[in-house]
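Subject: Structure handover

Hi,

Here is the structure I promised you. Please open it alongside this note; what I found follows below.

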Amino acid sequence: PLLAQATPLQLRWKLDHETGTVFVQGPPVKRVAATPRPAGPVDLAAECPKTNPLPLHFVEAGERGEAVAPAQLQAVQASVEAAQAKAGALVSVFVHGWQHSAAPGDSYVCDFAALLRAVNTMEANAARASGRPAREVLGVYVGWPGHLYPTELANLTTFWNRLQVADRLGGDDGALRPLLLGLAQRFAAGARDPRPDRRSGLVVTGHSMGGRAVFH
């Protein structure tokens, strides 16, 4: 529709993402305030009523890639150790990309929790069929400020700035490194059952800029 209009399209941007306010087409657009999720498994039943979600752990980072709530990471480690002391753990870590976050209402949160519920169902069925105890399925959603503003046009201006934040997330001082190293160490130290369906397992997925952070 814009291309069909006779009047020229003018975009006026004044961008300073570090201040939390940008000007797009004139009026100011303020950054969405972020509140970290609680440490430990978060029940998402009310947030995602249509998907029957599995509770998720959240590990969240700030602008510098730093952990904003260290207790979140400690809770993940404690849950994995508790699961490994029993039948084992199947851990899936997901790092979202640009235009997403760990905030309530983000579609990736509900989608990931629904996927983990399906994995949990498959594990329960497989355990029942083979006469073994089911391993605990744990989901870890790594959130970082990839979605800053309430309007689409303002968010489109953040690509290069968010790319830098993703690099910090996966850098030496970022929250992602101690999470993945800690999990890897715990799995390496655990018992290695010769039967694959009785071993603990770790899967790490990064989407888009989240994949960039993971590869760092």
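Predicted model: local features only at pLDDT ≥ 70, side-chain atom pairs only at ≥ 80, totals over all residues.

The expected span of a helix is 1.5 Å times one less than its number of residues.

**Helix H5**

H5 covers residues 176-189, 14 residues in total. From its first C-alpha to its last it reaches 20 Å, close to the 20 Å expected. Which of its residues are buried? They are Leu176, Leu179, Leu180, Gly182, Leu183 and Phe187. Seen down the axis of H5, these buried residues fall within an arc of 160 degrees, so they line one face of the helix. The general rule behind such patterns: an α-helix has 3.6 residues a turn, so residues three or four places apart point the same way. On the other side of H5, Gln185, Ala188 and Ala189 are exposed.

**Strand S4**

S4 spans residues 56-60. Five of its five residues are buried, so the strand is largely enclosed by the rest of the structure. Both faces are covered. Leu56, Phe58 and Glu60 are buried on one side, His57 and Val59 on the other. In a regular strand the side chains alternate between the two faces of the sheet. S4 runs parallel to strand S6 (residues 136-143), and five bridges join the two. Within that pairing, His57 stands opposite Val140 in S6.

**Glu63**

Follow the chain on from S4. Glu63 sits in the loop between S4 and helix H1 (70-84). Is Glu63 buried or exposed? Its relative accessible area is 15%. The cut-off for buried is under 20%, so Glu63 counts as buried. Its side chain makes a polar contact of 2.4 Å with the side chain of Arg31. Leaving out residues up to four places away in sequence, Glu63 touches Glu18, Arg31, Pro145, Leu148, Arg162, Val165 and Arg168.

**The disulfide**

A search of the whole structure finds one disulfide. Cys48 and Cys110 form it, with their sulfur atoms 2.0 Å apart. The torsion about their S-S bond is about -80 degrees, so the disulfide is left-handed. Cys48 lies in the loop between strand S3 (28-30) and S4, while Cys110 lies in helix H2 (residues 107-130), so the pair ties together parts that are 62 residues apart in sequence. Both Cys48 and Cys110 are buried.

Best wishes

How values were computed: Residues numbered from 1 in each chain as written. Heavy atoms only, no water. Helix = DSSP H or I, 4+ residues; strand = E, 2+ residues; numbered from the N terminus. Buried < 20%, exposed > 50% of the residue type's maximum accessible area, 1.4 Å probe, protein only. Arc of directions from axis to C-beta. Polar contact = N/O pair within 3.5 Å; in protein donor to acceptor, adjacent residues only side chain to side chain. Contact = heavy atoms within 4.5 Å. Disulfide = S-S within 2.5 Å. Pairing = 2+ DSSP bridges.
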